[in-house]
Amino acid sequence: MVGANGLAREDVGGERAAVEIAAEPLGRGRLRQLLAYARKVYGLDRLLSGCRDRRCDPQISTALVARIILILGLLRIRSLNALEPKLAEPWMQRALGASPRQRRLCSVDTLAYALQRADVGSTRDMLVRMVKKAERNKVFREGWYGALRFVALDGWEPFCSYHQHCSGCLTREVTVGNEVRTQYYHRYVVALLLGEKLEVVLDMEPILSADVRRERGQANVTGHEGELTAAKRLVQRLRTTYGGWLDVVVGDALYSNGPFLTIAKQCGFGVIAVLKKEADEPLREALAIWGDDPPEQRIHDPSKHEDIELWDCPDLDTLSSYRGPIRVVRANVHKAGASKPGTWCFAVTGKATRLSADRVVRAGRARWHLENTGFCQWVKYWRFSHVFTHGKDALPALFYIFFAAFNLLQLFVYRQLGGYGRDRGRDVTRTLWRLVDEMNGDLERLEHRILWDTS
Ligand SMILES: [Zn+2]
């Protein structure tokens, strides 16, 4: 439904009502609309006010710090240094709600100092509350394939450095010329809700360094932990955080092992995970059963110019580390113009086994959204890989606020400006990028300050 002001209607506080941005004397423009939408539908002021840090008696509130970082993410400002002069500009001050008498809001050094002392849990809570509100507003009601909701998990390494490091850093030895050097990096497992277009970040979990593991009292620590260990924590937390509305975890070959499938099953998740090694079970058994048999099904997908051949093998019981049947699906994907097909194999468990083989393959391949849509955008367009500030708490706090900005942009485009997203076609990245450009243009036309609720 579209309201009189051209914006679609969405649930506000449990009631269907238009987001009446006209009531706010803020001038026209997408930035003003997005902030009005985020504040009315998602209670953005309250969400940001929930962010905490460990500074003593700070002059600049954590809510203002979080608001500045959110605007930094929404407008794709490339670094804190690039933000510094903007903070003194009158339109940026209006966007952040500064009174006309305030000459300088806050320095980027203060922002970095506050982020270093961030309470990461409070920034995560902000993201979670936003997603939960979207779920209550029935944004994800329809599910995706087979009315199920799919979560892609993958490791993400936003940056690496030979110089900057902290106790949260992971390390590896890298040969540079004739020299072996220590490289420092951070890596997270990120959970992204998959969808046709709208794909929101649900949560993330750091892969812990040896130092942090010792700090947390883990015994007999011999090194950094692996991605799977962090992923298992994340899967359990997704269930305890979000309850029962998430159905299937989608992952790469790292996740197609008995211990991970078991944890996912215990948490009530089905799994679709890539199978790569032909010598490993359950793929070995499935390949032996299929032999040289012709495909069981052939599908033509005109929208992607693809022909897909499918083989399906249900109820394999060949993994000693997983109790229960595992289905294996293989697809040969012939793309128009390609000389040979690409082959995909997946292990399928739990709720995901009720999907047709075709849908298993579609959902499994959609995992690459996380790299092609999420990760690629964050690095290429959002510059999340730029080291805004470094620290084991500063980085995740920054990313949680950036992910909230990323989610808000998508919710705004696809829930509130339905026609805007449709008119700009299938390329989600380009659609969001275009909106960000428009908002940057709007910033300088912001005539009245935004009255943020700081209570
Ligand atoms: Zn570090």
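These are my notebook entries on a predicted model of one protein chain.

**Ground rules**

I number residues from 1 along the chain as its sequence is written, and I take side-chain values from heavy atoms, with hydrogens and water left out. Because the model is predicted, local features need pLDDT of at least 70 and side-chain atom pairs count only at pLDDT 80 or more, while totals for chains, interfaces and linings use all residues.

**Entry 1: the whole chain**

I looked up the secondary structure and found 16 helices and 12 strands. Both are DSSP runs numbered from the N terminus: helices are H or I with at least four residues, strands are E with at least two. Next I checked burial. Of the 455 residues, 56% count as buried. Buried means under 20% relative accessible area, exposed means over 50%, and partly exposed lies in between (1.4 Å probe, protein chains only).

The chain exposes about 20,400 Å², and carbon and sulfur atoms supply 46% of that area. Areas come from the Shrake-Rupley method with a 1.4 Å probe; for residues, only the protein chains shown count as cover. I also looked at contacts, meaning heavy atoms within 4.5 Å. Among contacts with a separation of 6 or more, residues 24 or more positions apart account for 65%.

**Entry 2: α4 against α6**

Two packed helices are described by the angle between their axes and the distance between the axes. I took α4 (residues 80–87) and α6 (residues 108–116). Their axes are 9 Å apart and the packing angle is about 130°. Axes are lines fitted to C-alpha atoms, for helices over the stretch in contact, and angles run from 0 to 180 degrees between N-to-C directions. α4 and α6 are therefore oblique to each other. The classes are: under 35 degrees roughly parallel, over 145 roughly antiparallel, 65 to 115 roughly perpendicular, the rest oblique.

From α4, the residues in the contact are Leu80, Leu83, Glu84 and Leu87; they meet Val108, Leu111 and Ala112 of α6. By class, this contact has 6 nonpolar residues, no polar ones and 1 charged. Ala, Val, Leu, Ile, Met, Phe, Trp, Tyr, Cys and Pro count as nonpolar, Asp, Glu, Lys and Arg as charged, and the others, Gly among them, as polar.

**Entry 3: the buried face of α6**

Which residues of α6 are buried? I listed Val108, Leu111, Ala112, Ala114 and Leu115. Seen down the axis of α6, these buried residues fall within an arc of 165°, so they line one face of the helix. The arc is that of the directions from the helix axis to the C-beta atoms. The cover over them includes α3 (62–74), α4 and α14 (394–416).

Ile60 sits in the loop between α2 (44–49) and α3. Its relative accessibility is 15%, so Ile60 counts as buried. Ile60 and Ala114 are 54 residues apart along the chain, yet their C-alpha atoms are separated by 9.0 Å. Leaving out residues up to four places away in sequence, Ile60 touches Arg55, Val65, Leu105, Cys106 and Thr110.

Gly50 is also in the loop between α2 and α3. At 22% relative accessibility, I logged Gly50 as partly exposed. Its C-alpha atom is 6.9 Å from that of Met126, 76 residues apart along the chain.

**Entry 4: α1 against α14**

I then turned to helix α1 (residues 30–42). The axes of α1 and α14 come within 10 Å and cross at roughly 95°. The two helices are therefore roughly perpendicular to each other. Arg30, Gln33, Leu34, Tyr37, Ala38 and Tyr42 in α1 meet Leu408, Leu409, Leu411, Phe412, Arg415 and Gln416 in α14. I sorted this contact into 8 nonpolar, 2 polar and 2 charged residues.

**Entry 5: backbone checks**

Most residues other than glycine have a negative phi, and most peptide bonds are trans. I noted a cis bond from Glu281 to Pro282, with omega near 5°. Pro282 is in the loop between β8 (270–274) and α11 (283–290).

His305 has a positive phi, near 55°. I found His305 in the loop between β9 (297–301) and β10 (306–316), exposed at 54% relative accessibility. Asp315 has a positive phi of about 60°. Asp315 lies in strand β10 and is exposed, with a relative accessible area of 59%.
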